[in-house]
Amino acid sequence: MLAQIEGSRAVAHAVARCRPEVVCTYPISPQTHIIEALGVMVKSGDLAPCEYINADSEMAAMSMAIGASAAGARAYTATASQGLLFMMEAVYNAAGLGLPIVMTLANRAIGAPINIWNDHSDAMAVRDAGWVQLFAETNQEAVDLHLLAFTLAEELSVPVMVCMDGFILTHAVERVDLPDQAQVDQLVPPFEPRQVLDCDDPVSIGAMVGPEAFTEVRYLAHARLSRALEVIPVLAERNAEVLGRASGGLVSPYRTDDADTVVVAMGSVLGTLKDVADGLRDEGTPVGVLGISCFRPFPADEIRRALERSRRVVVVEKAFSSGFGGVLSADVALALRSRSIPVDTIVAGLGGRPVRAASLRSLLIEAHHGGLDQVVFCDLQAGLVQGELDRMTARRRSGSPAENVLRDLGAVAPHGR
Amino acid sequence: MTAEPRSRVRFYQVGSFAVGNRLVGSDQRNAQSDPGRANSLTSGHRACEGCGEALGARYVLDAAMRATGGRLVAVNATGCLEVFSTPYPETSWRVAWMHSLFGNAPAVASGVAAALRVKGRSDVRVVGQAGDGGAVDIGLGCLSGLFERNDDVLFVCYDNQAYMNTGVQRSGATPPGARTATTEAVGPAPGNGFGQGKDMALIAMAHEIPYVATATVGDLFDLETKVERAMSMQGARYLHVLVPCPLGWAAAPRDTIRLARLAQQTGIFPVIEAEGGGVTGVSKIRHRVPVEEYLRLQGRYAHLFDAGGAVAAPEVVAGLQAIADRNIERYGLLGDEPDKEES
């Protein structure tokens with residue numbers, strides 16, 4: 001069913017059609033519209049049977065999902081940013097226990113300074129937690145990925161996180177084809193847990209493992225997570241058959257076949273990048289784009305294959321590792337370690353900064369001609385930074401950098417002291 | 001009291017005031033006396049000699065198993081009880097049991113309860129378990145949420161008054177004056193300070209949940225009765241059980257029961273029941289005992305006495321006595337008992 005609908009509400013619709021039995025919620029922007037919409041569906045009886053719980057924190061929300069999943073119920077939650085960090089201990093625990101929880105992550109920056117807008121810092125912070133991490137490029141993909149997420153999670157007994165860009169996708173109202181119940185029921189079979197808390201067959205779940213077997217247990221979890229690389233393409237194919245459109249998969253190449261320079265990215269920025277690539281190609285510069293839909297487990301083989309003919313790779317990412325550089329680009333570089341081609345990093349879109357086509361275009365031209373620094377911060381206002389660095393050198397108590405930079409920008413009253 | 005005591009007849013044995021199972025009708029005997037008991041926490045675990053928590057957990061879960069006909073799921077916080085009972089591949093639990101994290105046991109229990117509700121399994125009940133650290137400190141947010149939502153969980157705190165599993169560090173339930181590894185008995189004010197500590201039973205009562213009770217392993221019959229009472233109700237229920245810890249209290253393992261009784265008889269640990277936020281019953285003090293007698297048995301209070309046994313820190317002992325006196329007054333712990341002694 002075609003609908004002109006907000007991304008969050010479209011995702012809520014898709015989640016509801018997957019028949020979650022326990023929905024654990026705690027509000028945080030920009031995912032809140034998802035859980036609000038689910039709340040309406042549960043209260044109105046549109047989604048039943050379902051227990052909708054207002055948790056007292058994200059830690060509680062994820063922990064309830066853990067308890068519900070261990071007791072054999074299909075469990076769902078959504079969060080973002082600080083919320084993800086607040087539940088982080090339970091995020092790791094859910095993966096360690098092999099519980100097939102599905103969570104939507106409405107990607108948002110992490111403070112301080114507090115910032116509610118989009119980047120990928122939150123997803124990168126739980127990169128190593130043992131969850132499948134899928135990134136949606138569009139709202140249609142966000143919807144379709146949730147169907148895949150529940151099936152994948154329960155097939156492998158691993159938790160799955162569907163990442164969608166906060167505000168850019170969650171709050172965008174656009175045309176989405178919403179799957180109906182019959183379609184979803186074809187794609188998402190009933191939950192058959194691998195292990196369950198059952199008073200008729202009591203087991204102990206979550207006990208201690210010492211050095212004698214910890215490595216093996218962790219290795220098995222790694223192997224199980226890595227199986228997603230085999231299962232995702234199969235599920236994506238089935239999704240495409242039933243829904244009549246391709247979405248998800250491991251990677252999505254765009255005009256990469258004859259591209260000298262390929263830009264790698266995740267999420268909604270791929271749309272802008274494809275436009276930029278089209279423009280550059282019109283001018284005779286052979287640029288392609290490679291979207292990574294599945295970030296964990298990391299599809300290194302598929303990436304290597306897709307970049308086989310490229311001479312230069314530029315990774316555009318909405319996060320970075322402080323004191324180091326790109327996160328995604330480090331992974332991409334490792335995947336390409338057998339080839340000595342440059343892998344540049346463009347850090348863009350931090351804290352909701354618009355990623356402008358014009359900026360990307362000039363950076364990509366520079367990259368194509370081999371002139372890009374290894375790590376570039378897109379649209380970084382060097383003058384502002386220098387001004388603050390000078391102040392910090394001049395005075396020990398130079399004040400809050402965030403405040404000073406904003407004053408210099410003229411967004412608030414200028415320096416008066 | 002809403003329920004009649006099980007037995008109006010008292011059988012006095014070896015000064016313990018315990019009611020022997022042999023002397024009451026079979027329907028009044030406790031769960032432990034039943035040869036068909038669940039043995040929910042069975043033998044072979046690694047608890048210390050004289051562990052109050054192992055004793056308490058065994059009685060609580062067996063009573064809950066009896067009350068539910070064996071249809072029970074237990075959720076455990078990280079802590080002594082989790083560690084001594086379950087290093088894989090061994091487990092002492094004969095009940096469906098799960099451990100997730102230290103601070104989230106109440107929320108995990110809420111999640112299990114939600115799953116059972118959505119699946120229409122109203123016959124299966126949930127018990128959450130934590131030590132004082134897991135309940136009154138790191139898990140308090142989740143526990144308060146469980147209370148506020150009135151989730152159908154009996155949450156049990158086995159209170160040994162410090163972080164024993166990590167080596168006896170102070171918790172929010174550590175009493176004033178007590179030595180712990182982070183409130184050492186050194187300096188001008190040795191031990192834990194006054195004016196701190198959380199009364200978790202009162203905090204639970206403030207949520208006006210259906211049932212709140214305190215108990216000790218010094219009166220196991222009372223403990224079982226309270227579990228049974230709790231399991232007869234729906235919604236959030238909280239049971240706070242004082243479980244002396246020979247290691248952390250630096251007390252003789254043989255004194256665990258004695259200390260639990262003294263805690264109740266001094267008034268330092270009031271044993272009460274409350275429904276909907278109001279006190280409905282108290283365990284009266286039969287022989288009022290000065291707090292000093294309770295303190296002397298515990299190495300964690302050794303700095304309050306000198307080498308000759310005289311009180312070395314009278315203001316601390318008086319302060320602890322004042323806490324006991326306040327409990328006695330607040331809950332009316334004296335009187336009505338035919339054998340009570342006026343102080």
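Figure 1. Among contacts in chain A (C-beta atoms, placed from the backbone, within 7 Å) between residues at least 6 apart in sequence, 78% join residues at least 24 apart. The C-alpha atoms of chain A fill a box of roughly 70 × 55 × 55 Å along the principal axes, and the radius of gyration, 22 Å, agrees with the value near 22 Å for a compact globule of 417 residues, where the radius is taken over C-alpha atoms and the globule rule is 2.2 Å times the number of residues to the power 0.38. Of the 417 residues in chain A, 51% are buried, a residue being buried if 20 or more other C-beta atoms, placed from the backbone, lie within 10 Å of its own, exposed if 12 or fewer, and partly exposed in between. The model is a predicted one in which local features need pLDDT of at least 70 and side-chain atom pairs count only at pLDDT 80 or more, while totals for chains, interfaces and linings use all residues. Residues are numbered from 1 along each chain as its sequence is written, and chains are lettered from A and ligands numbered from 1 in the order in which they are written.

**Figure 2. Strand β5 (residues 211–216) of chain B and its burial.** Strands are DSSP runs of E with at least two residues, and helices are runs of H or I with at least four, numbered from the N terminus. Six of the six residues of β5(B) are buried, so this strand is largely enclosed by the rest of the structure. Tyr211(B), Ala213(B) and Ala215(B) point one way from β5(B), whereas Val212(B), Thr214(B) and Thr216(B) point the other way.

**Figure 3. Strand partners of β5(B).** With strand β6 (residues 237–242) of chain B, β5(B) pairs in the parallel sense over six bridges, pairing requiring at least two DSSP bridges between two strands, and Ala213(B) stands opposite Leu239(B) in β6(B). Strand β7 (residues 272–275) of chain B runs antiparallel to β5(B) and is joined to β5(B) by two bridges, with Ala274(B) as the bridge partner of Val212(B).

**Figure 4. Helix α7 (residues 220–231) of chain B between β5(B) and β6(B) in a β-α-β unit.** The unit is right-handed, in that the path from the first strand over the helix to the second runs clockwise when the strands point away from the viewer. Because 10 of its 12 residues are buried, α7(B) is largely enclosed by the rest of the structure; the buried residues, including Phe221(B), Val227(B) and Met231(B), pack against α1 (52–68), β3 (125–131), β4 (153–159), β5, β6 and β7 of chain B.

How values were computed: Two residues are in contact if their C-beta atoms, placed from the backbone, lie within 7 Å.
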